[in-house]
Amino acid sequence: MPYPTYASYLRLDELLSLQRPLTPAEQRELSDSERLFIVVHQAAETLLSQALVDLRHLDDGRCGPACTTYRLERAARVVDALVGQLTLLRRTLRREDFMGFRDRFGTASGLESEQFKELFARVRRLTRQAGGDRVPEEARWLGELDEAVRRWRSTHLELVAHMLGDQPGTAETSGARFLAARLDDAPAGAPSGRPATSPSRPVRGDAHAARPGHGDGPAPRPGQGDTPAPGPDRGGAPAAGLPAVSPPPAPLPAPSAPAAGARLGHVAVVGGSVAGLLAAHVLADHAERVTLLERDTYPDDPGPRAGVPQSRHTHVLLTSGMNALEELMPGLLAELARAGAPRLAVPGDLGVWQAGQWISRRNPSEPILTPSRPLLDHHIRRRVLAGSRIEVRTGAEVTGLLGRPGQITGVLVRERGGGRHTARELTADLVVDATGRGGRTPQWLAGLGGRTPAEEVVDTGRAYATGVFHADEPAADLRGFYIVPDAGQPFGAIVLPAEGDRWMVTLSGPRHHAPPTDPEGFTDFAERLPHPAVHKWLSAAAPLGRPVGYRQTANRRRRYDRLGRESAGLLVVGDAACALNPVYGQGLSVAALGAAALRKELAGGRAPTPHDLQRAVMRASRTAWEVATGADSPMPGATGNAVRSGPVTRLLDRYLGRVRDRTAGDPVVCTANRDVLFLLAPPHSLLTSPRVLRRALLTPAVPTSRDLPTP
């Protein structure tokens, strides 16, 4: 018998004749895109058949411990390759091409794949049978297989949402919503909507078999338990087409393995709030391992915690922050919306009072998201800590840095509440400080004999307080208020809806005029605002507890980016690097923009130094710094070495005053000004745009009515 050739062994002639697009060949661009779609799905089914070979062998009961571990590892790696297939499709198939050929499928649906149904059933059965008698490596790879299947599900959902958006699926199903309702939520048998890992527990690479959700019984299927059954299966777009008729929370997208050639070694992230979580999420793609050190214990459900002083106050995600978070964690915004986070247009849905008048709601609007801080923290934490790439140590207090001037090599860590002499050394190739405004890194650097960063400060002494209320929506179909303080009118208010049918109300005043923290005094304080609308609405609202005050509102920027090589091994992010006056609502967005900047810097061909990463983080916060300090510098009583003054500043303030006067009634000026405030454009764009210049200097301001603005 002659040996086969390469082509005959693989039966290439037959294999390569199977890609037959339905799009006519003369429509070359569309036909080639459809061929890519077919190739990816055929390759996926081929890989899937190999994973099933191993899982069927395990089900036959003929494998010993070594064989079981080998087969589980191979199946997990093959399923991870399936995730890569979907990622490839998202990155190489244009959405407009997909929308151009998808109608040719009829009712063909990826849900018809019998192999995927078998995969889910076999993985569910294996994890349900997992017990303490499994050897550690076997338990580890069973966990990896479970994580890989979760990853495939969530990547599939993200791909469908990206391709279809709000469009229906084939056969007029609800597209992405339909897929979420049809897919089982957790292949390992976790209850519907339960996270793959509990954020309040340490997450370690060898602990898969001990996670919640393993061995807890079968997962509820659509139509069972409390989940409404979906309608008949009328199909959806094949593997890029289909979850959520009143869906449960989508399965967590567990992160992929570290990129080949990971070059950051061990990264220690100090501080596990939003900035720290997002930094860990990005760096984990380029590190051998990441350790997250957090002083608090994470709650199982959304709720305020001591380590986040801002957790009881109003928060917003500006448009720029929403864009950055969606880039970092596709599907997160939809997840927050399903959890009840309101999405508002500004000024379309808000009554915005600025410079003595209401801004017209007919001017172009951009969205913001207004979840409570605990809800946002919970969902980001749930995403970041899914999987095994990040080890979390809660109750871990960092007391100092290791190393010498010019080279940070780790941190000193002790159990929170432990004695001073119980601290242990944790070495790291990169230490990330995400400890917020109260971070002690400058003192720790000085303790090593090193240079500390220069500080820039603008402090108005502003104080604010936040109360939570039940109330009807304001009049005139408004969904909230924003009373903007300025040099001539120093009192401000932010009234926004949050999840759970609640309203978050923040009132602020200048130095020595802090809002009271008793409900009656808080409401009375609103009489100082320049328009009675907020006080009138607040007087009819029902308080849910006492308001909470806050006074740490100074803008403070620490110039770690100017230390150069003296800070090798150190990266400072979030408020620890650039803390902004919270009344402008920029903090969360700046944290997301900083993480997105890290991701971009690390994606380059060369290996960036910590100094390169630090400069990228500082650049990401520059617009917010200029906006906040520009607004605070003219305030009466502003102090600090970065307060802007002098003839040029006074001239600029006069020009910006003309811009503010025209924001209310001029759609061009309103859009440009809002883009700056939402960190979508730099402040100097108000000076360099010919259209804005012409309107600010040559066109009279159009006054608006003092009555509440109508849509």
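Predicted model: local features only at pLDDT ≥ 70, side-chain atom pairs only at ≥ 80, totals over all residues.

How many aromatic pairs does the count come to? I get eight. I looked up the pair of phenylalanine 37 and phenylalanine 98: the ring centres are 5.7 Å apart and the planes sit at 40°, so I logged the pair as tilted. Phenylalanine 37 belongs to helix H3 (residues 28–59) and phenylalanine 98 to helix H5 (residues 95–101), so this pair ties together parts 61 residues apart in sequence. Are the two buried or exposed? Phenylalanine 37 and phenylalanine 98 are both buried.

Then I went to phenylalanine 491 and phenylalanine 525. Their ring centres are 5.7 Å apart with the planes at 70°, so I put this pair down as edge-to-face. Here too distant parts of the chain are linked, 34 residues apart: phenylalanine 491 is in the loop between strand E14 (481–483) and strand E15 (492–498), and phenylalanine 525 is in helix H14 (residues 519–525). For burial, the cut-off is under 20% relative accessible area. Phenylalanine 491 has 14%, so I call it buried. Phenylalanine 525 has 5%, so it is buried as well.

**Entry 1: overall numbers.** I stepped back for the totals. The protein has 21 helices and 21 strands. Of its 711 residues, 53% are buried. I get an accessible surface of about 30,900 Å², with 52% of it belonging to carbon and sulfur atoms.

**Entry 2: the parallel sheet.** I traced an open sheet of five strands, with parallel pairing and the order E7-E2-E1-E11-E20. Which strands stand at the edges? They are E7 (390–394) and E20 (570–572); each has a single partner strand, so one side of each is left without a neighbour in the sheet. From one strand to the next, the twist averages 20°.

I zoomed in on the E20 end. Strand E11 (residues 430–433) pairs with E20 in the parallel sense, over three bridges.

How many of the residues of H16 are buried? I find twelve of 16, so by the under-20% cut-off I have the helix down as mostly covered. The buried residues include Leu588, Val590, Gly594, Leu598 and Glu601. What covers the buried residues of H16? The cover includes helix H9 (274–283), helix H10 (319–328), helix H12 (373–384), E20 and H17.

**Entry 3: strand E16 and its partners.** Next I looked up E16 (residues 502–509). E16 is mostly covered, with seven of its eight residues buried. Strand E13 (residues 463–470) pairs with E16 in the antiparallel sense over seven bridges. In that pairing I noted alanine 465, whose bridge partner in E16 is leucine 507.

E15 also pairs with E16, antiparallel and over seven bridges. Here I found valine 495 opposite valine 505 in E16. E15 and E16 form a hairpin with three residues between the strands, and glycine 500 in this hairpin takes a positive phi near 80°.

**Entry 4: alanine 396.** Alanine 396 sits in strand E8 (residues 396–404). Its relative accessible area is 8%, so alanine 396 is buried. Which residues does alanine 396 touch, not counting those up to four places away in sequence? I listed Leu293, Glu294, Arg295, Val413 and Arg414. I also checked the C-alpha separation from alanine 396 to glutamate 415: 4.9 Å, with the two residues 19 apart along the chain.

Terms used
Residues numbered from 1 in each chain as written. Heavy atoms only, no water. Pairing = 2+ DSSP bridges. Helix = DSSP H or I, 4+ residues; strand = E, 2+ residues; numbered from the N terminus. Axes fitted to C-alpha atoms, helices over the stretch in contact; angles between N-to-C directions. Phe/Tyr/Trp six-rings, centres within 6.5 Å; stacked < 30°, edge-to-face > 60°. Buried < 20%, exposed > 50% of the residue type's maximum accessible area, 1.4 Å probe, protein only. Areas by Shrake-Rupley, 256 points an atom, 1.4 Å probe, with all protein chains shown as cover. Contact = heavy atoms within 4.5 Å.
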